[in-house]
Amino acid sequence: MSLPHNSTTAFVDELTPGRALPHAEQDRWMRPYRPGPWRVATAALLLILASYLLFAALIMVAAGSGQGGVTCLLSAFVIIAVTLRLLRVGVWVSGKGLRQVEFFSTSTVSWSQVVSVRTAQQPVRVLGLPRSVQGQALVITRRGGRPLRPMLTDHNADFLGRVEAFDLAADAIEGWAAELR
């Protein structure tokens with residue numbers, strides 16, 4: 001079984017299907033799925049807010065209110081940093097292991113420490129809010145029986161309303177685990 005297909009896979013001929021290009025590195029961290037529309041829309045709205053704050057800072061400094069300009073500028077930079085972190089949230093894989101990026105923390109597990117990667121029906125949170133519904137989650141169990149918190153669910157910001165995209169992402173991560181464990 002070969003690693004899941006990504007954009008750096010070349011199909012040269014019938015004898016070597018799926019051979020990776022020379023510049024494709026196995027040790028580079030990559031997300032095996034695209035960010036979903038809810039995550040991208042939230043990031044776009046936050047960046048629009050940051051642009052308004054930057055413009056307001058420019059107007060305040062031009063009007064002579066330096067303190068207000070600095071406040072708006074710092075607020076814009078905080079919003080931009082929050083947006084960038086929001087876009088990094090998710091599950092990342094490489095030849096080294098599996099990385100689970102949350103908003104305030106990141107946990108990395110080497111493939112030798114991963115016992116199982118499977119999809120399970122369980123209560124999941126809708127868009128990370130307190131409300132739970134029955135859905136699918138990718139459950140990753142480490143050595144010692146400790147599972148990671150399910151970051152990949154069919155109701156999170158990447159897969160809400162996109163069940164087939166969730167299935168493809170879960171299959172890709174399961175494929176990485178099967179190949180590299």
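User: What does Arg149 count as, going by its relative accessibility?
Analyst: Arg149 counts as partly exposed, because its relative accessibility is 44%, which falls between the 20% limit for buried and the 50% limit for exposed. Keep in mind that this is a predicted model.

User: Which residue does Arg149 form a salt bridge with?
Analyst: The partner is Glu102, with the closest N and O atoms 2.8 Å apart. The two are 47 residues apart and link distant parts of the chain: Arg149 sits in the loop between β7 and α3, and Glu102 in the loop between β4 (97-101) and β5 (106-110).

User: How many salt bridges does a search of the whole structure find?
Analyst: Two. Besides the Arg149 pair with Glu102, there is one between the side chains of Asp158 and Arg39, at 2.9 Å from N to O.

User: Switching topic. Which elements does the protein run through from the N terminus on?
Analyst: The order is β-β-α-α-β-β-β-β-β-α, which comes to three helices and seven strands. Buried residues are 36% of the 181 in the protein. Of the contacts between residues at least 6 apart in sequence, 53% join residues at least 24 apart.

User: How many residues has α2, and what does it reach from first C-alpha to last?
Analyst: Helix α2 has 23 residues and reaches 33 Å, close to the 33 Å expected at 1.5 Å a residue. After α2 comes Gly90, with a positive phi near 145°.

User: Which residues of α2 are buried?
Analyst: Gly68, Gly69, Cys72, Ala76, Ile79, Thr83 and Leu86. Helix α1 is part of what covers them. As background, an α-helix has 3.6 residues a turn, so residues three or four places apart point the same way.

User: Which residues make the nonpolar surface patch?
Analyst: Leu54, Val70, Leu73, Leu74 and Phe77 make a patch of about 420 Å². Helix α2 (residues 66-88) gives the largest share, four residues. Phe77, which lies in α2, counts as partly exposed because its relative accessibility is 45%.

User: What is the accessible surface of the protein?
Analyst: About 10700 Å², with 62% of that belonging to carbon and sulfur atoms.

User: What is His155 in contact with, leaving aside its neighbours within four places in sequence?
Analyst: Leu127 is one of the contacts of His155; the others are Val124, Arg125, Val126, Val133, Gln134, Gly135 and Leu160. His155 itself is in the loop between β7 and α3 (163-180).

User: Which side chain makes a polar contact with the side chain of His155?
Analyst: The side chain of Asp154 does, at 2.8 Å.

How values were computed: Residues numbered from 1 in each chain as written. Predicted model: local features only at pLDDT ≥ 70, side-chain atom pairs only at ≥ 80, totals over all residues. Heavy atoms only, no water. Polar contact = N/O pair within 3.5 Å; in protein donor to acceptor, adjacent residues only side chain to side chain. Contact = heavy atoms within 4.5 Å. Patch = residues over 30% accessible without salt bridge, like charges linked within 9 Å, V, L, I, M, F, W, Y side chains within 5 Å. Areas by Shrake-Rupley, 256 points an atom, 1.4 Å probe, with all protein chains shown as cover. Salt bridge = Lys/Arg side-chain N within 4 Å of Asp/Glu carboxyl O. Buried < 20%, exposed > 50% of the residue type's maximum accessible area, 1.4 Å probe, protein only. Expected span 1.5 Å × (residues − 1).
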